[in-house]
Amino acid sequence: MIDYFGVESLLKEGERIFRDRIRKFVDEECMPGIADHFDRGTFPTEIIPRMAELGLFGLHVDGYGCNKMSHTVYGLVCQELGRCDSGLRAMVSVQNSLVMHPIYTFGSEEQKKRWLPKMARGEAIGCFGLSEPDFGSNPFGMMTRAEKQKDGYLLNGTKMWITNGSIAQIAVVWAKLGDDIRGFLVEAGTPGFESSLIQRKFSYRTSPTSLLVFKDCFVPEGNLLAGAKGLKSVLSCLNYARYGVACGALGASIACYQVAEAFARQRRVFEKLIASYQLIQEQLVRMVVEITKAQLLTYHLGRLLDQNRAIHTQISMVKLNNVREAMKIARMARDILGARGILADHQVIRHLCDLEAVSTLEGTENIHTLIIGQDLTGISAFY
Ligand code: FAD
């Protein structure tokens, strides 16, 4: 593994042991079949029980059958999974940050007892419905409405680009109740709720990205996430998810570098190894410089989150940086591989395609730039 600045030495022994267990799982159980899944556009559902067994669901949750770990460890898990495939990382980051975290933080005791143990065992998968066809970067303009009824709410609206939506047993759905944004738990099979897979994606191939449609869908009072109120609650979920995405992008960068370096050391062109050419070395060095910077930034963010000292603009910076640099690294790695670079078996093209989605989801580069710009200047340039 690349560790030019000894970041490994900053990890606690328990963190390293847990990370190594996940690394072994990724290398032995996820890597072998992932190119086929990418090719077919399917998620390897057989690894969901293994992910649960390894304690990958419920990393932010104390009790309820979950295996709470530090944010640093959650980041290392996302990095290892992202080294293999962004869809695998998305399965774990959505389940943890966007579904179990809001149920744990904003849910009633009954909701926690009902869903968290099942989700920790991988027997229930969740999804997070915020974005809509016309509202992505600005989710607060959402059109989905909740209307108060005698014992619950009627939901109407459409959510789009929802990771895991078509395989989820439970959806955390955000809707406007009057002028407020509120969160609701909607179970699969609820009358008036339909989910379908978005087809013909050339990115995030293994991840089931879905459309959720609510037509007069009745949600009982007990399914309101009563503790979640407004923008602040939504953003608290996004913070953890964005950190997970940033860690996954770092994993993808590492994978691309490793493939490119190994190839450069054995590929002969003009009777010499391509690794011996200055132009190739320059690309490899650029990749390692950026990976090292991302490792230091990401590791430090993990520790700030662990100490409850991270601010959302720092998370924006790490998401922006890690994804932008991962895209450049994947592009350079593909170039070094020559024609082989377009084959799924060599990994790099999968990451290159997936990073296209990663750059959009959890906030585009423009949006994170605006968030940081507002923090620096005190002036909002969003509209
Ligand atoms: P738009 O908001 O329409 O933006 C289009 C372009 O305009 C972008 O380049 C953007 O940067 C730019 N732009 C927008 N506003 C400004 C501005 N003020 N200044 C300058 N430029 C601007 N959502 C969920 O709720 N749950 C999920 O599980 C989920 N999973 C996803 C999985 C995938 C594979 C993808 C691709 C998306 C997923 N999303 C999910 C949705 C994702 O969060 C949105 O796609 C994202 O927020 C961008 O929204 P948009 O696609 O509507 O783009």
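Trainee: What share of the contacts with a separation of 6 or more comes from residues 24 or more positions apart?

Mentor: In the protein chain, such residues account for 74% of those contacts. Keep in mind that this is a predicted model.

Trainee: Okay, and what is the chain built from? How many helices and strands are there?

Mentor: You'll find ten helices and ten strands. The radius of gyration is 21 Å, close to the 21 Å the globule rule gives for 383 residues, so the chain is as compact as a globular protein of that length.

Trainee: How much of the chain is buried?

Mentor: 55% of the 383 residues count as buried. As for the accessible surface, that is about 17,100 Å², and 54% of it belongs to carbon and sulfur atoms.

Trainee: Let's zoom in on helix H10. Where does H10 run, and what does it span?

Mentor: H10 covers residues 365-377, which makes 13 residues. From its first C-alpha to its last it reaches 18 Å, close to the 18 Å expected at 1.5 Å a residue.

Trainee: Which residues of H10 are buried?

Mentor: Ile367, His368, Ile371 and Ile372. Looking down the axis of H10, these buried residues fall within an arc of 130 degrees, so they line one face of the helix.

Trainee: Got it. What's on the other side of H10, then?

Mentor: Asn366, Leu376 and Thr377 are there, and they're exposed. The buried residues of H10, meanwhile, have cover that includes helix H6 (230-266) and helix H8 (312-336).

Trainee: Is Thr313 buried or exposed?

Mentor: Buried: its relative accessible area is 8%, and the cut-off for buried is under 20%.

Trainee: And how does the length of H8 work out?

Mentor: Its 25 residues should span 36 Å at 1.5 Å a residue, and the end C-alpha atoms are 36 Å apart, which agrees.

Trainee: Which residues other than glycine have a positive phi?

Mentor: Arg200 is one of them, with phi near 60 degrees, and Glu362 has a positive phi of about 60 degrees. Most residues other than glycine have a negative phi.

Trainee: Where do those two sit?

Mentor: Arg200 is in the loop between strand E6 (193-197) and strand E7 (209-220), and it's exposed, with a relative accessible area of 78%. Glu362 is in the loop between helix H9 (348-360) and H10, and at 16% relative accessibility it counts as buried.

Trainee: New topic: where is His60, and what does its side chain pair with?

Mentor: His60 is in the loop between helix H2 (47-53) and helix H3 (71-84). Its side chain makes a polar contact of 3.1 Å with the side chain of Ser97. His60 is buried too, at 7% relative accessibility.

Trainee: What else does His60 touch?

Mentor: Not counting residues up to four places away in sequence, its contacts include Lys68, His71, Tyr74, Asn96 and Tyr240.

Note on methods: Residues are numbered from 1 along each chain as its sequence is written. This is a predicted model: local features need pLDDT of at least 70, side-chain atom pairs count only at pLDDT 80 or more; totals for chains, interfaces and linings use all residues. Side-chain values use heavy atoms; hydrogens and water are left out. Helices (H or I, at least four residues) and strands (E, at least two) are DSSP runs, numbered from the N terminus. The expected span of a helix is 1.5 Å times one less than its number of residues. Buried means under 20% relative accessible area, exposed over 50%, partly exposed in between (1.4 Å probe, protein chains only). The arc is that of the directions from the helix axis to the C-beta atoms. Contact means heavy atoms within 4.5 Å. The radius of gyration is taken over C-alpha atoms; the globule rule is 2.2 Å times the number of residues to the power 0.38. Accessible areas come from the Shrake-Rupley method with a 1.4 Å probe; for residues, only the protein chains shown count as cover. A polar contact is a pair of N or O atoms within 3.5 Å; within protein, one must be able to donate a hydrogen and the other to accept it, and residues adjacent in sequence count only if both atoms are side-chain atoms.
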